[in-house]
Amino acid sequence: MSGITWHYVLKFIITGDAAVGKSSLLIRLTDQRFLANPDPTLGVEFGSKLITIPEEDKIVKLQCWDTAGTESFRSITRSYYRGAAGCLLVYDVTSRKSFTNTRSWLADVREHADPHLTCILVGNKVDLCEGDLNGRRREVPTEEAELWAKEEGLLFVEASAKSGQNVEDAFVRAASDILSKIRRGVFDDDRSPGVKLSKPNGDLALEQGRAKQACCS
Amino acid sequence: MEFFSQTYVALRGPTGAPQTAADTIGKLSDRLSPATLLADRRAAVLALKGLARDCKHDVGDRALPGLLEVLSNDAEVDAEIGKAVLETLNILCDVEEGLSTSKEVGFKHTDYVLANEKTVHILFALLGDSNFYTRLATLQYLSTLLQNRRQVVQSYFLKAPTGTGSVVSVLEDKREVIRNEAIMMVQGLISQSPDIQKVLAFEGAFEKLFNTVTQEGGVEGGAVANAALTCVDGLLRFNTSNQSYFRETPLPPVLCSLLLFPPSLQNRDSAPQEFALQFWDGQKQANATLVVGIIGMLIGTKGSSAQEASAFTRCLVEMALASNAPTPLKTQALRLLPSNLNFPLSEIVLTPYMPVPETNGEEWDRLEPASALDALTELALHGEYNGLESAKRIKEGLELRAAAVSVFENFVRKDEIKLAIVQAMLPTEDTGPSGVPMTPLLHALITPPSSTSSLDSASVTSTHLAALLFSHLLRSSPRAKSLARLITPPPASTHPEHGAGNFFVPADGAPPPPPPHPEFDDDEPPQTLLHILSENLSLSFLSRSRASTSDRESREWDRLVVGYLCLLSQWLWEDPESVRDFLDAGGFGVLVEPINQTSEVDSIVPALCAFLLGICYEFDREPGEITRTTIYPILSRLSVDTLVGRMARLREDDRFKAVGPDSVVLPYPSASYLQPSLKPETEDEGEIWFDWAFVDFWKSNYYTIQRGLSTEPDQLSSASGQNAETVMLVASLRDVIRNQSEEIERLQRQLKDRSSSQEDELIALKKQVDTLSSELQVSEERRRDTEKEQEDLLVLLDEVTSKRKRDKARLREAGQEVSEDEGDDDDDDDGNSE
Ligand SMILES: Nc1nc2c(ncn2[C@@H]2O[C@H](COP(=O)(O)OP(=O)(O)O)[C@@H](O)[C@H]2O)c(=O)[nH]1
Ligand SMILES: [Mg+2]
């Protein structure tokens, strides 16, 4: 029922403390919307989007899982790490604590994910710091986060699910990085668990059940 | 053998004296300690396993802590002890077998094991062990724990350091026994836990489960395919994330393929016979039910692409209308069609089939292709396979027909579609009144109840269901109602008894002879549909009151009467012109009688008569013979209280109360305590009285009618204030419109008069202008000529004058005398004037 219109499928996960805006980033990416009061029971925790990576001249299908609900029981979140090609590690620029916690999230990622997983640190809710000259609301300076990201070898961006600023960009940057790894042969033979090359006519050609022939007079 | 000797020693005791079971269990439990040798521990576990079933309580009491320790320390190292300890624990926690006390003990042990997360974590870790027996026993034990205390196990699973990966990988264990056990366990694990469902889907559970289903032979597969499909359903239902993800996989079309339906079938192509005609048995039906359920869930939730939705819808429509699938499956397929059906039913062409008689469902006749809409209507009117079994009125068959009626209701919810269908029952301009089309629906609706032979229950059901279909066409559509008033069906008798449309003939058989051209009595205009219905209603009332009628038969007459009354109520509601037609057809008198003669047996017919009577009174707003003023005294004589009381009893009747949006078919005979002689003719006989749409209609409107009954005839409208206002408003607006249109007409006439007289004038003036301008031109020319002449003369004069001057000068030179008078003319003039 669906034609192949992309070159790669990349599995992404979005992780970080509760309430940093993971669901909001996902909804912004897939639906171009922002909900001021998202219903946590709505359970929209998967979304996909086609994006173009101009410098690689490739179309990529991003499949993103929001690891929501699992913040309280980290263990199962680890299952997602293992199967992902990319990870958005999200904190809230107005919450010091959410930034501090990214260290332990990252440690988890390092322990369980594929070593070649691309991780981008996303400081969300920058809209709250706009026109906030004396930086009363901001609790995490850009420079500090950027420096830490550099030390840890993470990509970094500040974004806002509310205004949409840098949201798609965050995904595009992470995806480009993954594609460049593929191009450089970092993954042997697309073997990263989160990367799938679309095969021509990639339908699962499932054999039909052995139907007995009915007769018709 | 070591095992036997050890056990023997344990049982007999070192002194050889017989021991109590409790002593033995105590001794064996002590040996579970890590301090003993592995071989001794193994022997002790095996011995305890042997005792566990019979001494469940004691073994649990004494040995559980030790057993759990063995599980934690030894199971991974020693497969044999692992298997034994898992099996022992499984017996101890089992709540399936035995007496209720044994079950209680099972729960008690389960709670002990689940007191903390340790054991569950060990179990999920053990799943990674590839030893056959360890894996199998672990899966079995997890299933038991999940069955007893699902939520606790689930919460521990979410915190387990490992687990999801091994759970998904055991789903595709090459060893069938393990794979099957894994599917059973996963069914419990995912139940009502969106987080677990999501993570298993992420890990690829869908792909694994579909592989199993196909390996097992798809819907032809047995219990394993069934369990795998149940898991797929469990991962998807109520989980929007997983539904979105599933739609991204190549799996949705596989659902169609599993039913042998080609997922990319074009609208213009017909479904293959291998899909339409299959061999069915109970297991296959159960499997297909799951597949159809998943398809229905996916089209019923938002997010499916148009292409996917259309393939799924087509698959369900074909299965329901043109296949030999079991009846409940067809009903399910119809019920799962999306509630805002947007499918071109009238454009899709189907090939229905009929079983060849006496071939036990092994041979089938292909029938003429028909549109899906025609096939749907046919199914509702006559039942499966052209009404083959409809005389038996099996509950299942009625459920299918009721589901078809609901799909029809859903399909005609747009006014355009209603109008198009009703329009098709009207004569077209080129056929004239003699070419009135007879659609199968119309035919079933007007078939007169046979008053001579005893009543054919199949035909009653057809007429009743036709009334339900027709009421869906009219309800709350003023335009459809006014079109329907114009329907004048040709006499029903000129058509074949079993009024199926002529598309329902075997493809290789000759079409039935065309009906003889109906002879019209020139004196009488053809009867309108509304007229025929009120006559049939009257006929049914007569027949049901005949003394010779059996209880069973009189119940059928009641059913027919109920069908007519429900349709008429919905038709006449808010439609004064239809009320007028009905009253003119003598409908009023037909209603009054049954209200008066009420029996204990039957409360719904008088209730509906009172209701319809109230509707007639309420909406009798068009001038005519029977006005509100005529009706009012009759209402008073019947007494408004009586009428209200009759109406109130409908709501108490089981046949009315039991109806819900999805439960229209009742077991025969429902509410039969008043007629104890009634017995079902077949074990699963069913019957239909009301559909949900009517129940809903009644509930929202009976109060208006009830209050309307006590309004004075000259009062504009009844009780319900808003309604009265509306009616008044409409009446006054009508007046305004009438006045305005008269005014407009007058003005237009004036305008026309005026413009025609102006035109004449204009023509005359134009003519005048023409002549004047040509006259002007002539005189102008003349003037110009004169001017020129004058000019010429002046020039001549000038010449002459200057010549004279020259001549005079010459003469003077020659010394001749010349008079000066002429030369001083001007000066002289001045002088002269002085
Ligand atoms: N101002 C602002 N609020 C945001 C932004 N992103 C999320 N929020 C709000 O933060 C709260 C938590 O967001 P949610 O997406 O549910 O966080 P999650 O728990 O990480 O999924 C919600 O009230 C959002 O409306 C943002 O970029 N700017
Ligand atoms: Mg969330």
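Mentor: We will set some values beside their definitions. This is a predicted model, in which local features need pLDDT of at least 70 and side-chain atom pairs count only at pLDDT 80 or more, while totals for chains, interfaces and linings use all residues. Residues are numbered from 1 along each chain as its sequence is written, chains are lettered from A and ligands numbered from 1 in the order in which they are written, and side-chain values use heavy atoms, with hydrogens and water left out.

Trainee: Why is B:Leu733 called partly exposed?

Mentor: Buried means under 20% relative accessible area and exposed over 50%, with partly exposed in between (1.4 Å probe, protein chains only). B:Leu733 has a relative accessible area of 44%, so partly exposed is the term for B:Leu733. Across chain B, buried residues make up 50% of the 834 residues.

Trainee: What makes the contact between B:Glu556 and B:Arg393 a salt bridge?

Mentor: A salt bridge needs a side-chain nitrogen of Lys or Arg within 4 Å of a carboxyl oxygen of Asp or Glu. The N to O distance for B:Glu556 and B:Arg393 is 2.9 Å, and therefore the pair qualifies.

Trainee: How much area do domain 1 and domain 2 of chain B bury between them?

Mentor: The two domains of chain B, whose bounds come from an automatic or database domain assignment, bury about 3300 Å² between them. Buried area is the accessible area (1.4 Å probe) that two parts lose on being put together, summed over both. In domain 1 of chain B, B:Leu381, B:Arg393 and B:Phe408 lose the most area to domain 2 of chain B. The count between these domains is four salt bridges.
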